[in-house]
Amino acid sequence: MINEKDKIILEVSSLKKHYPIRKKSFSKTKQHVKSVDGVSFTIKENKILGLVGESGCGKSTIGKTILGLTPPTGGKVVYRDDVIFDVENNIKLSSNEMTKLRSEIQIIFQDPYASLDPRKSVGQIVAEGMKKHKIVPKNEIEQKTKEMLELCGMDATSMFRYPHEFSGGQRQRIGIARALAMNPSFIVCDEPTAALDVSIQSQILNLMLDLKEQFGLTYLFISHNFSVVKSFCDEIVVMYLGQIVEQGDAKEVYHNPKHPYTKALISSVPIQHPGEVKERITLEGSIPSAVDVPNGCRFHTRCSYKMERCERENPKWKLLDNGSGAACHLYD
Ligand SMILES: Nc1ncnc2c1ncn2[C@@H]1O[C@H](COP(=O)(O)OP(=O)(O)O)[C@@H](O)[C@H]1O
Ligand SMILES: [Mg+2]
C-alpha cells in the first residue's frame, strides 16, 4: 500500500514539446525547436519539486504543457486520477473536465508587473477566477477576496487600489492571493521571485512555505537559481537542453551532485559562509541551440569530463548509490 504521505499528485511521462520553425526556402525538412524532449518525473502530494536549469532549457514549457496552455507533442501527464493528456494513445481531457481542473491547478508567474492587468483593481484581479469558477457564492466574494489578501500579507483595503500603486514584492503577493482564491491543490510557480530584490525574495518564499503548510499545497517550483531551489525544495530535477540530467533529494543533489552539469551549476552559486570550500567548475561556451541538439550526450560540448563515447552515445538514466538518478557515462 502506498503511504498516504507519498501519494503522487502529478506524473509526467516522456513529455515532449517541439515547436515548428519556419522552413528556410532551401531546406526540405521542417525544423523544430526541441524545447522539451522526453521528460519524466513525479511530484508527491504536499512536497515541493524544484525544476532547475539555465534559461532556455525548457522549464517554462513544461509548466505550460502541464497546465494545457500549449499543446504537447508527445508523452503523458496524469493529475491524481485524471489523464490530462496521453498523446500516443490519443487521450485528452474534455474541455469541461479541464475547466474543472483549472481551479485546482494554478500558476504564479515570474513577472509581477506583466501578470496583473493594470486596468483592473486588485479586488477585481483576485476575484476574477473565483467568479468564473463559482468558487464561493456571489455574496461571499468580497469577504473571501479580503481574506486572501490578508493571508498573503496585504491590507484588505488594497482591493480598492490598482497594481501600479504597489511594489514588485506586493504585486507578487497579489498574484499569490489570486492563485490561492481558487482553492488550489497544486501550483506551478514559474520563477516567482526571480524579478525581486534578494531581501524581498525570502519574504515571498516564506509566505509560500506558510501557505503550503496551512493549505496542504504541492508546488512545482521552477527556477534558474540553485541557491533558492536547494533550501526551498524537497526534490530537485536538473534540466539541460530539454532533458533531465539529474534528479534526487534536494540536499543530496546540492551537497553530492553527480552529473557534471549539476556540479557546474552548483559551483557558480556564491559561497554561503566563510570557510566553505567548493570545487570550481566553469561552464564553457554557451548552451547549444535547441534546434540542432548535439549528438550523443547533449552536454558533451561543454563538459570537462568528456570521453570519446559521449560524442556518440546518449547516456541512459541510471539510479546511483546515493538515491539520485543521473544520465551520464561516468556512471556506466
Ligand atoms: N512559442 C514558442 N515558439 C518557439 N520556440 C519557443 C516557444 N516558447 C519557447 N520556445 C523555445 O523553447 C526553448 C525553451 O524555452 P523555455 O521553456 O521558455 O525555457 P526556460 O523557461 O527554461 O527558460 C527555448 O529555446 C525557447 O526559445
Ligand atoms: Mg522560463
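Reply: Helices (H or I, at least four residues) and strands (E, at least two) are DSSP runs numbered from the N terminus. This is a predicted model, in which local features need pLDDT of at least 70 and side-chain atom pairs count only at pLDDT 80 or more, while totals for chains, interfaces and linings use all residues. Residues are numbered from 1 along each chain as its sequence is written, chains are lettered from A and ligands numbered from 1 in the order in which they are written, and side-chain values use heavy atoms, leaving out hydrogens and water.

Me: How many helices and strands are in the protein chain?
Reply: The protein chain has nine helices and 13 strands. Its radius of gyration is 21 Å, close to the 20 Å that the globule rule gives for 332 residues, so the chain is as compact as a globular protein of that length. That radius is taken over C-alpha atoms, and the rule is 2.2 Å times the number of residues to the power 0.38.

Me: And what share of the residues is buried?
Reply: Buried residues make up 50% of the 332. Buried means under 20% relative accessible area, exposed over 50%, and partly exposed in between (1.4 Å probe, protein chains only).

Me: Changing topic: how many aromatic pairs are there?
Reply: The count comes to seven. Tyr-219 and Phe-232 form a stacked one, with 6.4 Å centre to centre and 10 degrees between the planes. Rings of Phe, Tyr and Trp (its six-membered ring) pair if their centres lie within 6.5 Å; planes under 30 degrees apart count as stacked, over 60 as edge-to-face and the rest as tilted.

Me: Where do Tyr-219 and Phe-232 sit?
Reply: Tyr-219 is in strand 9 (residues 218–223) and Phe-232 is in helix 7 (residues 226–232), 13 residues apart. Tyr-219 counts as buried because its relative accessibility is 2%, and Phe-232 is buried too, at 6%. Ring pairs link Tyr-219 and Phe-232 with Phe-221 into a cluster.

Me: Now helix 3, please. Which of its residues are buried?
Reply: In helix 3 (residues 122–132), they are Val-122, Gly-123, Ile-125, Val-126, Ala-127 and Met-130. Their cover includes helix 4 (141–151) and helix 5 (168–180).

Me: What does Thr-145 touch?
Reply: Thr-145 lies in helix 4 and, not counting residues up to four places away in sequence, touches Gly-123, Val-126, Ala-127, Met-130 and Met-159. A contact here means heavy atoms within 4.5 Å. Thr-145 counts as buried, at 1% relative accessibility.

Me: Is Leu-283 buried or partly exposed?
Reply: Leu-283 is partly exposed, because its relative accessibility is 25%. You'll find Leu-283 in the loop between helix 9 (260–267) and strand 12 (317–319). Leaving out residues up to four places away in sequence, Leu-283 touches Glu-54, Tyr-261, Ala-264, Phe-299 and Arg-302. The C-alpha atoms of Leu-283 and Tyr-261 are 8.0 Å apart, across 22 residues of chain.

Me: Last one: what's the phi of Asn-46?
Reply: Asn-46 has a positive phi of about 65 degrees, although it is not a glycine. Most residues other than glycine have a negative phi. Asn-46 is in the loop between strand 2 (31–44) and strand 3 (48–52) and is partly exposed at 30%. Ser-14, in strand 1 (residues 8–21), also has a positive phi, about 45 degrees, and Ser-14 is partly exposed at 44%.
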